[in-house]
Amino acid sequence: MKEAMQSLIKKFKAIGVTGSAMVTELLRFRVLDQILQTSPEVRQWGITGDKLYELAQQSTVEVFGELPYDQVAFESVYGPSFAVEVMDFITETGYVEGLAAGEQWRLPFKDIIEFHKNSEGIILFANIEEYAALAEEILQAIPSERLLLYTSSETCYNLFKQLYPLAPVIDEWPEDVIFDHIVAASTGLFRAPVEIMQELANRVGNITELGTAHYFIPISAIQDQVGMNRMAVQYMLLQPRLEAIREWAPLGTYEFVYTNRSVKKVALEIREVMGDTWRSTPFIALPHEVLASMDTFSMVQYALSLCGIEPAMKAQLPTLGEDGFTSKDPKVPLYVQRVFNAFEATRLELERQGTEVQLKLVDHEGRKAGETLDEDSYAELMEQSKVAEEDTAYWMFTNPEAAYIWYTYFLSLQGEQVLTKLAQMVLTPEALLQLMGSVRRQIIKEEPLAELATRFEKARAARKAALAKADADWQAEIEAIAKEIVPNPTESN
């Protein structure tokens with residue numbers, strides 16, 4: 001957590017404001033600031049502390065409730081509050097659920113927003129609760145009469161109405177309305193992947209003849225290709241206006257791009273975020289029918305098949321992404337990662353040098369599973385910054401047996417081959433973790449799984465003992481040889 005945010009939380013606590021009440025006050029201050037900016041007198045002459053407090057009492061009580069502090073306390077937090085972004089504060093603390101800053105979408109959205117500055121017609125930005133921090137940028141770049149912001153979150157709807165009273169926000173996606181352009185993005189954080197897939201598939205035809213659509217779909221929804229989800233994926237792949245599919249790493253999302261004309265082949269690529277830009281790994285374009293007829297559509301599976309590797313392909317088989325979460329998992333908010341990291345777990349840590357990848361199993365210490373966090377313990381976790389600043393890239397498993405399975409898989413001859421090919425597609429450890437998450441394994445029943453885990457632990461313990469003995473024997477031999485080389489110390493007179 002940023003220093004300014006930690007400092008502000010302490011200031012709020014000092015005046016008796018905690019939890020979600022802090023968010024309420026941050027919103028109050030933003031609305032108050034908007035009022036001040038619309039006043040020519042204030043802009044010219046400024047305003048004193050007592051007048052500002054009086055204005056807050058007169059103009060914000062109806063929406064945000066009574067001020068829970070006096071003027072001195074108000075002045076201690078009002079100024080410092082503008083050093084933090086409200087959406088970032090919500091995302092990092094989790095004090096208001098159902099809303100995410102969505103800063104990870106800034107790069108993918110950059111070209112889309114630029115394009116729509118000069119496009120024509122009405123644009124629907126759907127699931128705005130998952131990229132709330134970009135709303136202001138969208139509202140500044142595109143005239144509000146050309147916009148509709150859709151959210152299924154009641155919290156987000158109410159918050160946006162308070163922060164942006166003139167913004168065109170709706171809380172229901174109009175089923176029969178045809179839009180000129182649609183942009184939808186989701187990490188699967190607040191809704192089930194199957195729900196997202198069905199909604200997007202149902203609306204893929206709701207654009208005009210000259211319209212476009214960008215769907216950012218959570219990777220978990222693409223991996224889950226059984227039942228209705230399978231039909232939804234096939235339907236979206238078969239649309240003749242589907243121009244490109246991109247897997248964004250490590251954002252945990254697929255981008256489906258629909259253009260205003262029919263295309264014969266779909267462009268396929270992995271886009272890896274590299275700071276303020278991205279790099280592309282393109283693959284051979286395929287006709288819509290070929291994509292839809294794949295046993296399991298997956299950019300990773302397709303890329304590996306081009307390299308002559310055919311890993312498990314059936315959609316019913318579990319993926320690595322279903323068994324654990326990564327150190328920079330986009331579908332897990334920072335505050336949830338802090339909670340997870342407070343408990344004991346098994347990590348599969350990853351280090352890479354070029355295309356050479358090293359894996360290591362590490363037992364992560366923490367609270368015992370089943371322990372509950374009280375309010376004070378939770379508040380302490382929210383003020384920590386370790387999770388965000390950690391350098392090691394890893395998969396974390398609450399079930400050690402899952403860690404054993406994947407460690408064994410990637411250390412096998414076929415697993416090493418898969419890992420090397422994936423490392424050739426992306427450069428950063430975080431992006432590689434995402435690609436690993438699409439690899440599938442056999443389904444193993446509970447009894448055989450326990451047996452495999454026992455065998456693994458025995459073999460692991462035997463290996464450690466053998467290495468320790470080998471190291472001791474090696475050191476003993478070094479000492480014996482050294483006696484023949486290093487002269488004995490002589491007694492000094």
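This is a predicted model: local features need pLDDT of at least 70, side-chain atom pairs count only at pLDDT 80 or more; totals for chains, interfaces and linings use all residues.
Two strands count as paired if DSSP finds at least two bridges between them. An open sheet of nine strands runs in the order β3-β2-β1-β4-β5-β7-β6-β8-β9, and its pairing is mixed. The edge strands, each pairing on one side only, are β3 (169-170) and β9 (277-287).

**The sheet and a helix on it**
- Strands of a sheet are joined by backbone hydrogen bonds and may run parallel or antiparallel.
- Strand β1 (residues 123-126) pairs with strand β4 (residues 179-185) in the parallel sense, over four bridges.
- Across from Phe125 stands Val183 in β4.
- Helix α22 (residues 429-436) packs on the sheet and touches β6 (242-249), β7 (253-258) and β8.
- The direction of helix α22 makes about 120 degrees with that of β6.

**Glu269**
- Glu269 is part of strand β8, which covers residues 265-274.
- Glu269 counts as buried because its relative accessibility is 13%, and the cut-off for buried is under 20%.
- A polar contact of 3.1 Å links the side chain of Glu269 to the side chain of Arg246.
- Beyond its neighbours within four places in sequence, Glu269 is in contact with several residues, including Ile245, Glu247, Phe283 and Met299.

**Cysteines**
- The model has zero disulfides, where a disulfide needs a pair of cysteine sulfur atoms within 2.5 Å.
- Cys156 has a relative accessible area of 0%, so Cys156 is buried.
- Cys307 has a relative accessible area of 37%, so Cys307 is partly exposed.

Note on methods
Residues are numbered from 1 along each chain as its sequence is written. Side-chain values use heavy atoms; hydrogens and water are left out. Helices (H or I, at least four residues) and strands (E, at least two) are DSSP runs, numbered from the N terminus. Buried means under 20% relative accessible area, exposed over 50%, partly exposed in between (1.4 Å probe, protein chains only). A polar contact is a pair of N or O atoms within 3.5 Å; within protein, one must be able to donate a hydrogen and the other to accept it, and residues adjacent in sequence count only if both atoms are side-chain atoms. Contact means heavy atoms within 4.5 Å. Axes are lines fitted to C-alpha atoms, for helices over the stretch in contact, and angles run from 0 to 180 degrees between N-to-C directions.
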